[in-house]
Amino acid sequence: MCGIVGYVGGRKATPILLEGLHRLEYRGYDSAGIAVPHRSRLKVTKAAVRVGELRDLVGDGLPATSGIAHTRWATHGEPTDVNAHPQQDTSKRIAVVHNGILENADELRARLTADGVTFASDTDTEAIAHLVAAALDGAETLEQAVRTALQDVEGAYGIVVMDATRPGELVVARNGSPIVLGVGDGEMFVASDVAALVRYTQSVVYLDDGELATLTADDYRTSTLQARSTAKSPTTVDVDDTDFQLDGYDNFMHKEMHEQPDAIRRALLGRLDERFATARLGGINLDARALRAVRSVKFLGCGSAYYAGQIGANLVEELARLPADAEPASEFRYRNPVIDGDTLYVAVSQSGETADTLAAVRELQRKGGQVIGVVNVVGSAIARECGHGVLLHSGPEVSVASTKAVTSMSFSFALLALLLGRVRDLSVANGTRIVQGLATLPDLISDVLATEDEIAKVADRFRDARGMFFIGRVRCWPAAREGAQKLKEISYVHAEAYQASELKHGPLALIDETMPSVVLVPDDELLAKNIGTIEQIKARGGPVIAVTNAELPHGLVDAEIRVPHATRELDPILLTIPLQLFAYHLALRLGRDIDKPRNLAKSVTVE
Ligand code: AGP
């Protein structure tokens with residue numbers, strides 16, 4: 001998605017803005033631009049290029065000590081030079097960078113055109129620039145003009161506005177699209193993501209929806225759109241610049257897969273209670289009585305977060321014997337769901353900013369549903385709006401393909417299931433078994449990561465496949481879905497996940513020697529059934545790659561990816577790791593851009 005950076009202070013702004021854009025590249029974009037004050041005007045450089053090329057276009061930059069910059073992911077209008085941000089009004093006095101989508105863009109365009117404005121671009125953002133310019137007449141401050149302009153605007157936005165006549169000031173506003181201010185010593189930063197700021201400051205202020213801020217080098221002032229002061233103090237973010245560096249890895253996905261054991265150890269810290277064979281989740285404001293009153297659990301998330309939610313639902317059902325399910329938040333928000341007061345809703349998101357998941361949270365809260373957030377990014381919209389929940393502690397995740405955050409999600413759901421189980425009928429013995437299983441999971445994940453070279457060889461053997469099936473049964477079905485998702489996402493090889501027993505009801509027709517199946521075969525009570533599924537595939541000539549900790553009959557499969565034994569309920573978490581490595585190495589062999597797959601963005605902050 002789009003990225004925003006702004007700076008006002010005493011240093012040369014251009015290098016800071018370009019570096020900020022570079023840090024946001026992982027979010028996905030198709031054009032980039034920058035505006036800095038120069039000789040009473042704003043000098044705008046923008047094009048449908050990568051940030052590196054923008055750097056070449058800008059050159060050494062001007063001596064300006066303030067400016068705004070943007071990476072755009074096209075929504076209104078194609079990814080062209082003219083549609084890149086910053087967008088300006090006709091007189092070129094105002095420049096605006098904008099994340100989000102205006103819902104009344106057509107109406108605004110028609111109205112402004114009728115008033116004599118000629119639009120230079122196809123973007124919705126340009127309307128904001130014209131509205132602010134018009135509102136300057138009669139406004140004493142830029143903030144006032146922005147406030148007036150935003151009264152006409154409907155939809156989602158995070159914006160930064162600059163006025164050529166006030167180069168030492170930036171006005172920022174947020175409604176549905178993240179904005180964070182960075183507070184420095186005699187300098188202020190603004191960005192859509194802390195990744196762009198942490199090189200300079202850890203002291204941040206998150207804007208809420210409906211909030212506006214004016215930034216000068218020495219100060220910031222926050223208020224509501226209705227001009228009521230919201231006086232906010234800065235908080236300290238627990239990430240720093242090194243979290244956004246490759247540390248010798250070739251790409252972030254590789255680094256983040258290898259960070260999983262430590263990420264899980266952090267998610268574990270202080271959360272296992274061996275004495276009472278349960279979990280401690282301090283962030284959830286529910287005591288034992290409230291936990292017992294829960295009659296069902298529903299997980300809501302998008303993409304991989306939704307698949308992790310499916311793993312969570314299975315764990316809750318198995319360990320707590322409570323009805324549980326997962327649903328894509330993107331569907332839930334649009335289908336007028338019946339909200340049950342006795343259901344615990346769990347909104348799950350790495351970024352905490354996914355628009356569909358946030359909308360589901362708001363719909364739930366509006367209808368009185370009880371919702372907790374399971375989120376990685378501290379201070380994100382979902383974390384703040386849920387008010388309570390579980391932090392994943394995975395550290396920043398940069399690669400578009402989520403790995404360590406998804407693993408931490410499933411892991412946190414296992415803790416939640418254990419907690420819910422132990423206030424019900426999960427025995428001490430079984431609770432202890434799960435506690436021990438969770439405690440050993442980081443080491444088991446390290447063991448799987450240590451077999452990376454073997455997995456790479458398997459990926460190499462199947463690099464020419466035109467498509468693949470990922471097959472799982474019952475508790476491993478969501479892990480199969482996540483495996484297919486990872487392969488699709490980063491290799492662009494078609495991959496489809498199926499429940500093992502559903503194959504014979506249709507998809508078996510696609511099986512032949514050119515269609516490999518990756519089959520998850522845990523050493524559990526369903527082993528014989530899974531062997532039966534493999535035999536059905538083999539009988540139709542389909543190659544089979546088994547991901548397994550079981551002893552399979554000799555010669556049954558074409559390739560085996562071995563994983564260690566875990567506690568059986570936790571198998572789906574462990575079996576996800578080799579699927580990540582498999583997708584990664586296959587994509588690598590196909591020469592794909594691992595961290596920035598085509599058409600995708602790291603956090604989907606628009607519908
Ligand atoms: C994961 O690899 C995907 N990039 C995607 O499905 C992602 O999980 C989804 O967009 C949800 O993101 P979130 O966790 O930030 O809400």
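I take buried to mean under 20% relative accessible area. At 3% relative accessibility, Thr222 therefore counts as buried. The model I am reading is a predicted one.

**Entry: Thr222**

I looked up where Thr222 sits and found it in strand β13, residues 219-224. Next I asked which side chain makes a polar contact with the side chain of Thr222. The partner is Thr230, at 2.8 Å. I then listed what Thr222 touches, not counting residues up to four places away in sequence. The list runs Leu181, Leu207, Glu211, Leu212, Ala213, Ser229, Thr230, Ala231 and Lys232. I also checked Thr222 against Ile4: the two are 218 residues apart in sequence, and their C-alpha atoms are 18 Å apart in space.

**Entry: Thr123**

I went to the loop between α3 (105-114) and α4 (125-135), where Thr123 lies. Is Thr123 buried or exposed? Its relative accessible area is 3%, so I put Thr123 down as buried. The side chain of Thr123 has a polar contact of 2.8 Å with the side chain of Ser121. A polar atom of the Thr123 side chain also lies 3.2 Å from the backbone nitrogen of Glu126. Leaving aside neighbours within four places in sequence, I found Thr123 in contact with Arg72, His76, Asn83, Gln87 and Arg109.

The charged end of Arg109 sits over the ring of Phe119, 4.1 Å from the ring centre. I noted another arginine of this kind: Arg598 lies over the face of Tyr492, with 3.9 Å to the ring centre.

**Entry: Thr125**

Thr125 lies in helix α4. I have Thr125 as buried, because its relative accessible area is 1%. What does the side chain of Thr125 make a polar contact with? I found the side chain of His98, at 2.7 Å. Not counting residues up to four places away in sequence, Thr125 touches His85, Gln87, Val96 and His98.

**Entry: cavities**

I counted 3 cavities of 30 Å³ or more. The largest cavity holds about 60 Å³ of space. I checked its lining for the threonines above, and both Thr123 and Thr125 are in it. The lining also includes Cys2, Arg72, Trp73, Thr75, His76, His85 and His98. Asn99, Gly100 and Asp124 are likewise among the lining residues.

Most residues other than glycine have a negative phi, and most peptide bonds are trans. I looked for departures from this.

His85, which lines the largest cavity, is joined to Pro86 by a cis peptide bond with omega of about 5°. Pro86 is in the loop between β4 (66-72) and β5 (87-88).

Ala277 has a positive phi, near 55°. I placed Ala277 in the loop between β15 (272-273) and β16 (278-279). With a relative accessible area of 1%, Ala277 is therefore buried.

Asn336 also has a positive phi, near 45°. Asn336 belongs to the loop between α10 (329-332) and β19 (343-349). Is Asn336 buried or exposed? I have Asn336 as exposed, because its relative accessible area is 59%.

**Entry: aromatic residues**

How many aromatic pairs does the structure hold? I found 6. One of them is Tyr306 with Tyr307, a tilted pair with 5.4 Å centre to centre and 40° between the planes. Tyr306 and Tyr307 are both buried. I also noted one aromatic cluster formed by Tyr7, Phe189 and Tyr200.

**Entry: largest pocket**

I read off the volume of the largest pocket as about 770 Å³. Which of its 39 lining residues are the closest to its centre? These are Val194, Val239, Val377, Val378 and Pro396. As to which elements contribute, β14 (235-236) and α7 (260-268) each supply at least two residues of the lining.

Conventions
Residues are numbered from 1 along each chain as its sequence is written. This is a predicted model: local features need pLDDT of at least 70, side-chain atom pairs count only at pLDDT 80 or more; totals for chains, interfaces and linings use all residues. Side-chain values use heavy atoms; hydrogens and water are left out. Helices (H or I, at least four residues) and strands (E, at least two) are DSSP runs, numbered from the N terminus. Buried means under 20% relative accessible area, exposed over 50%, partly exposed in between (1.4 Å probe, protein chains only). A polar contact is a pair of N or O atoms within 3.5 Å; within protein, one must be able to donate a hydrogen and the other to accept it, and residues adjacent in sequence count only if both atoms are side-chain atoms. Contact means heavy atoms within 4.5 Å. Rings of Phe, Tyr and Trp (its six-membered ring) pair if their centres lie within 6.5 Å; planes under 30 degrees apart count as stacked, over 60 as edge-to-face and the rest as tilted. A charge sits over a ring if NZ of Lys or CZ of Arg is within 6 Å of the ring centre and within 35 degrees of the ring normal. On a 1 Å grid over the protein atoms alone, a cavity is a set of points where a 1.4 Å probe fits but cannot get out, and a pocket is an open set with protein on both sides within 12 Å along at least five of seven lines; lining residues have an atom within 4 Å of a point. Grid points are joined across faces, edges and corners, and a volume is the space filled by probe spheres set on the points.
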